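Trainee: Could you take a close look at one part of this structure with me? I'd like to follow how you read it, step by step.

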Amino acid sequence: MPPATPLDAAPSSLKRDLLWAYAASGSKILAWATVSALLYRHNPADFALFALLRATIGILNYTSLGLAPAMIRLLATATNREGEAPPEPRGHPAQPQLAAGQRPADAPDDPQRDRPPPVLEYQTPRPITDDALARVHANGTAIAVAAAIVGVLISVIYGIFYDDIHRLAPRDVQSAPLVMAMGVATVLRLASDPNGAVLQFRGRIALDNALLTLAEAAWLALFVASSLDRGTGGIQPAVYTYLAAAVVLYSLRHRFVVRHTTDPTAPRRRDLLDAPTIGSLLSYGLLITLAQLADFLYAPVDYILIDALLGWRDLAAYAPAVQIDAALLILVAGLASVLLPRAALAHAQGPAGRATVWRYYLRGTLASAGLLAVAGIVVWFAAPLLFKLWLGDPMPATQAILPLVLIHTVAGGSSAVGRSILLATGHAKAFTASVLIAGVANVVLSYCFVRYLNLGLPGIVLGTITVVTARCALWMPWYVHAALQRDLDNAQTNS
């Protein structure tokens, strides 16, 4: 067994993890908002092209194959199988073993006896062996490399036919190189996910989010410097500096995982590859990938519908509202990302851990809904000034649909924690089915509202509101409670 590595140096702190998660979220919001503002001020057509490119190239997110949550889930399950009993909650020492029928002398006066199970603190998982961790990491990385190759090929093909697929205003730049560069940047970020999963599983959630923060800051700094040097905020520097930032993120995640966790005496990575581990990662990861497909059936497909049924001016009006939606959702994404590895490990610890998972879900969902509601109200009232300062234009068409967009932002964003809980606890099948059904319904309803009811741009948003409310505000709370209760009953029956 190799000696402890720097990744084992400090236990995970929820406050520190959340602080860096929101630092990563804030840096992402700041980067995208600044780049979008400079693009719009330079040329609204550049802004529309960048928004469409960012949305449609998002199909490459499916090449991640759900590896990060699948690896965390597999490692958490392995932790429970490796032979050590789950750790006792901090501050609550284990009770001594008693003979049959024996009662502790202080039982009548024991104030702890009737209290509910304590909330388990997250602890760096010690039971899993370094060999098992290396095996999961090696197989996850192999899958990521293969998926990255496929992603690059898709980017090349999409770039070649991009101008034939989308009808945009005439431009003086070639779209193909931009599409390919954006695709490679997206693939590089996804290829770094196995390293990020290892960091998170080993309790270094704050470190991983610090690296994400640094990558977003690098993109913003490079873009601003490039724009000032060229005297323009055009789309070319926006795309190519995004690619450079992706290289930075991949390099940093690789450095902190490989250099600090690789045992020189361990088998070579290719000798760790095995079909059962790959099969386990793919079987669970592909379910998550199918769920991610539903994300494409919302804003990205809505962009395509607007481009086909309405026009680029409506596309330019829709894009700022969707970027505000995405920015607000990032506010709760930090909390959801922190809770995923914590929930996976707590769920593997038995009945007491499952009670902790339910507390994570309840408190996280209430906090998410409250945060989004407050932020949405602030954005709604500040919209005229916000658009004027951000894009240099009050954007009346965007303001008209913004209240509708904020409704589905609050409803959908409040389910982010529920998504993490379901994926962490092994309920990917039901989650995947729900998001696919809702995504298809969104496309159908949005098309019908625009094509047959002539509702225009608001019809696109109304389709999203309908399905998001049904899935996130109604189905999600019921199913999470039922699933965790079923897990608890099964665990008590088998114990």
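Mentor: Happy to. Tyr479 is buried, its relative accessible area being 12%, while Trp478 is exposed at 56%. Here buried means under 20% relative accessible area, exposed over 50%, and partly exposed in between, with a 1.4 Å probe and protein chains only. Before we go on, bear in mind that this is a predicted model, in which local features need pLDDT of at least 70 and side-chain atom pairs count only at pLDDT 80 or more, whereas totals for chains, interfaces and linings use all residues. Residues are numbered from 1 along each chain as its sequence is written, and side-chain values use heavy atoms, without hydrogens and water.

Now to the rings. The whole structure contains 9 aromatic pairs. In one of them, Trp358 and Tyr361 are tilted, with 5.5 Å from centre to centre and 35 degrees between the planes. For a pair, the ring centres of Phe, Tyr or Trp (its six-membered ring) must lie within 6.5 Å; planes under 30 degrees apart are stacked, over 60 edge-to-face, and the rest tilted. Trp358 and Tyr361 are about one helical turn apart, because they sit 3 residues from each other in helix 12 (residues 351-391). Helices are DSSP runs of H or I with at least four residues, numbered from the N terminus. Trp358 is partly exposed at 27%, whereas Tyr361 is buried at 4%. Trp478 and Tyr479 also form a tilted pair, since their ring centres are 6.0 Å apart and their planes meet at 55 degrees. Elsewhere, Trp32, Trp219 and Tyr242 are joined by ring pairs into a cluster.

Let's move on from helix 12. Met395 belongs to the loop between helix 12 and helix 13. Met395 is not a glycine, yet its phi is positive, about 55 degrees. Most residues other than glycine have a negative phi. At 7% relative accessibility, Met395 is buried.

Next comes helix 13 (residues 396-413), whose 18 residues reach 25 Å from the first C-alpha to the last, close to the 26 Å expected at 1.5 Å a residue. That expected span is 1.5 Å times one less than the number of residues. Helix 13 bends by about 40 degrees at Leu402, with a proline, Pro403, following within four residues. The bend is the angle between axes fitted to the seven residues ending at a position and the seven starting there. Among the buried residues of helix 13 are Leu402, Val405, His408 and Gly412.

In the loop between helix 15 and helix 16 (457-494) you will find Asn454. Its phi is near 55 degrees, again a positive value in a residue other than glycine. At 63% relative accessibility, Asn454 is exposed, whereas Met395 is buried.

One last loop deserves a look. Gly203 sits between helix 6 (193-201) and helix 7 (205-230), and is buried, with a relative accessible area of 5%. From Gly203 to Arg342 there are 139 residues in sequence but 8.9 Å in space, C-alpha to C-alpha.

Note on methods:
Helices (H or I, at least four residues) and strands (E, at least two) are DSSP runs, numbered from the N terminus.
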